[in-house]
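Please have the sequence and the structure open while I talk.

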Amino acid sequence: MSDFLNQISRRKFIVTATASAGAVLLKGCLGNPPEPGGGNAQTQSAVQPVANISPELAPETKTVKLGYIPIVESAPLIIAKEKGFFAKYGMTDVELSKQASWGSARDNVEIGSAGGGIDGGQWQMPMPHLITEGLITKGNQKIPMYVLCQLITHGNGIAIANKHIGKGVSLQLASAKSLFTELKSSTPFTAAFTFPHVNQDLWIRYWLAAGGIDPDADVKLLTVPAAQTVANMKTGTMDAFSTGDPWPYRLVKDKIGFMAALTAEIWKNHPEEYFAMRADWVDKNPKATKAILKGIMEAQQWLDNFDNRKEAAAILSGRNYFNLPADILADPFQGKYDMGDGRKIDDKSMAAYYWKDGKGNVSYPYKSHDLWFIVENIRWGFLPKDYLAKAQTLIDKVNREDIWKEAAKEAGIPAAEIPTSTSRGVEEFFDGVKFDPAKPEEYLKSLKIKKVSV
Ligand code: CA
């Protein structure tokens, strides 16, 4: 460590120690001290001095309020705050606000931080597009949003109530068809997700349809809060839950359910959840937006170092965040899944990835993935068919991969790690179906079970 950095870190230590003791008299001696009430002074050991930021990169504001849901998708936001990566780029006052549900996240971004809500945060897809279009907002108000990076791949799965163990409910559903038919005549197979028309709804629909089960005609799909779903699975009134870690592990550990499939099995290296913000906030604070992105990128790289994952599990499981035992997160973070029906997975390629996976960059928001989520909404009749023609214009407005690239360059990411195309190319699912982003209508035509007529 250079003398300069040594000196800074000693001074930082003095400020931190003093601030923790409740005195703020030394505030100001560093130029940019921890913000009063920031509450994270003791966790900023990795922070480089804010004074290092050149004036042309200095953010317009140090304050932002971001929403998150306590599932592994939110890890880059929490790690960026707790390991000091936001502060390193000048965002010393990032407030992470736990959202009670996806519906409240939507409501809070509608009012923005000025109204007591949030400026942006973690989203299932295509929520930012649907909010931009005013399709899921109050009074159909259009709130333009920008998708800025992907947070994670994998980490999700289909959980099934324990009473169905041994009935053939697995990744392939061929031998479970009679079960679905039998239930249909009495109480149809009932499955829950936490918000309609987005990832977890789309994953279970894809999986069912690939197995020849029509998600609209053969089963009952409902939006139910996670905790209530678990209670309902326990009492036997809910058959399945499309969800993300840590819920699958908890269901298996408490012997409430088993995992029929991981989303990593349905679509290897699939797009999962994203970071998006209100467009008005980004337009007003372009440098702060890039500072936030650089903090997230650094957190994503930190998270992909498997040596850091034990610490990541400890931070995420803390009382301020997920509030659960750390070991519930530790195994899935290493690609170890007890599926609960005797099947065990121990394969690092099935773990959650934040920066780089088997297909390349995870953080970069490919427009071709936005398109898949929109096309899947068309498939199930959630969006009218004319969105096939409108999708690209909407995506070009909402997806700001250009800002991601600028931030990546500023963060010193090597050019070889920055994607050069907005399309990741043809994607393939576990049932052999292919999605060519250049021919979305062909994809819809190739699907046997769908609501749209193409
Ligand atoms: Ca998810």
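Let me begin with the rule for pairs: two rings of Phe, Tyr or Trp, the last taken by its six-membered ring, are paired if their centres lie within 6.5 Å, and planes over 60 degrees apart make the pair edge-to-face. What we have here is a predicted model, and by that rule the count of aromatic pairs comes to 18. One of the pairs is formed by Trp372 and Phe373, whose ring centres are 5.2 Å apart and whose planes stand at 75°, so this pair is edge-to-face. Trp372 and Phe373 are both buried, and both belong to one aromatic cluster, whose members also include Trp203, Tyr206, Trp267 and Tyr443.

Which residues does Trp372 touch, if we leave out those up to four places away in sequence? They are Leu202, Trp203, Tyr206, Trp267, Phe429, Phe435 and Tyr443.

That brings me to the cores. The largest nonpolar core has 89 residues, and Trp372 is, together with Trp207 and Tyr443, among those with the most contacts inside it. Helix 7, residues 199–210, supplies the largest share of this core, namely seven residues. There is also a second, separate core of 56 residues, which includes Ile79, Ala288, Ala291 and Ile403.

Finally, a word on charges over rings: the charged end of Lys390 sits over the ring of Tyr387, at 4.0 Å from its centre, while Arg400 lies over the face of Tyr146, 4.8 Å from the ring centre.

Methods. Residues numbered from 1 in each chain as written. Predicted model: local features only at pLDDT ≥ 70, side-chain atom pairs only at ≥ 80, totals over all residues. Heavy atoms only, no water. Phe/Tyr/Trp six-rings, centres within 6.5 Å; stacked < 30°, edge-to-face > 60°. Buried < 20%, exposed > 50% of the residue type's maximum accessible area, 1.4 Å probe, protein only. Lys NZ or Arg CZ within 6 Å of the ring centre and 35° of its normal. Core = buried A, V, L, I, M, F, W, Y, C linked by side-chain atoms within 4.5 Å. Helix = DSSP H or I, 4+ residues; strand = E, 2+ residues; numbered from the N terminus. Contact = heavy atoms within 4.5 Å.
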